[in-house]
Amino acid sequence: MTNLEALYQEVILDHNRKPRNFREMTDADRRVEGHNPLCGDELTVWVKLDGDRVADVSFKGSGCAVSKSSASLMTAAVKGRSVAEARHLFDRFHDMITGRLPDTERATMGSLAALGGVSKFPIRVKCASLAWHALRSALDGTGRAVSTEHEGPPQTEGA
């Protein structure tokens with residue numbers, strides 16, 4: 001394992017052990033539930049907007065280390081950003097975890113780059129993207145619950 005991979009692993013473990021913004025938000029403007037049926041991850045994302053800015057964002061739920069650390073990193077990354085910036089970050093993050101973001105751009109993702117390695121494990125893409133899909137639903141204002149059931153490559157029979 002390289003020093004960078006070890007650092008990324010430590011970031012994921014730290015956010016899993018001590019998730020940031022892990023709380024219910026009673027004064028949120030938007031609330032979306034998310035579910036990953038394959039891994040059993042379940043979470044709720046709350047968003048409070050101030051005009052076009054994400055004034056506050058939090059999450060609560062249970063799931064694997066990848067799911068929880070991704071939600072924690074997400075809340076830290078989008079807080080204070082405009083809705084458009086948060087949507088753009090969703091797109092770049094999703095490209096990274098699905099292997100569509102060039103490796104040369106991974107370093108521009110800051111601490112989110114720690115989750116770039118999940119692109120090598122398609123089953124983990126669902127875990128890493130759950131909170132992000134819930135955030136996108138909240139930003140879109142639909143309030144619709146999200147599921148990662150169809151996220152990632154098509155499943156082959158018997159898989």
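Q: Which residue is the bridge partner of Thr44 in β3?
A: The partner of Thr44 in β3 is Lys60. This is a predicted model, in which local features need pLDDT of at least 70 and side-chain atom pairs count only at pLDDT 80 or more, while totals for chains, interfaces and linings use all residues. Residues are numbered from 1 along each chain as its sequence is written, and side-chain values use heavy atoms, with hydrogens and water left out.

Q: What makes a stretch of the chain a helix or a strand, and how many of each does the protein have?
A: Helices are DSSP runs of H or I with at least four residues and strands are runs of E with at least two, numbered from the N terminus. By that rule the protein has five helices and four strands, and their order from the N terminus on is α-β-β-β-α-α-α-α-β.

Q: What makes β2 and β3 a pair?
A: Two strands pair if DSSP finds at least two bridges between them. Nine bridges join β2 to β3, which run antiparallel, and therefore the two strands meet the rule for a pair. Lys48 stands opposite Asp56 in β3, and the two strands form a hairpin with two residues between them, where Gly51 in the turn has a positive phi of about 70°.

Q: How do you know that β1 pairs with β2, and what is the direction of the two strands?
A: Seven bridges join β1 (residues 30-36) to β2 (residues 41-50), and the strands run antiparallel. Arg30, for instance, stands opposite Val47 in β2. The hairpin of β1 and β2 has four residues between the strands, and Gly40 takes a positive phi near 90° there.

Q: What makes β1 and β4 a pair, and which way do they run?
A: Two bridges join β1 to β4 (residues 146-147), and these strands run parallel. One of the bridges can be followed from Gly34, whose partner in β4 is Val146.

Q: Why is the pairing in the sheet called mixed, and in what order do the strands stand?
A: Four strands form an open sheet in the order β3-β2-β1-β4, with mixed pairing. β1 and β2 run antiparallel, as do β2 and β3, whereas β1 and β4 run parallel. β3 (53-62) and β4 stand at the edges, each with a single partner strand, so one side of each is left without a neighbour in the sheet.

Q: Why is Leu130 called buried?
A: Buried means under 20% relative accessible area, exposed over 50%, and partly exposed in between, with a 1.4 Å probe and protein chains only. Leu130 has a relative accessible area of 0%, and so it counts as buried. Leu130 is found in helix α5 (residues 122-140). Leaving aside residues up to four places away in sequence, Leu130 touches residues that include Gly34, Leu43, Ser67 and Val146, where a contact means heavy atoms within 4.5 Å.

Q: Why does Lys120 count as exposed, and where is it found?
A: The relative accessibility of Lys120 is 61%, so Lys120 falls in the exposed class. Lys120 has its place in the loop between α4 (103-106) and α5.

Q: How do you know whether the radius of gyration of the protein agrees with that of a compact globule?
A: The radius is taken over C-alpha atoms, and the globule rule is 2.2 Å times the number of residues to the power 0.38. With 159 residues, a compact globule would have a radius near 15 Å, and the protein has 15 Å, which agrees. Along its principal axes the C-alpha trace spans about 40 × 35 × 30 Å, and 44% of the 159 residues count as buried.
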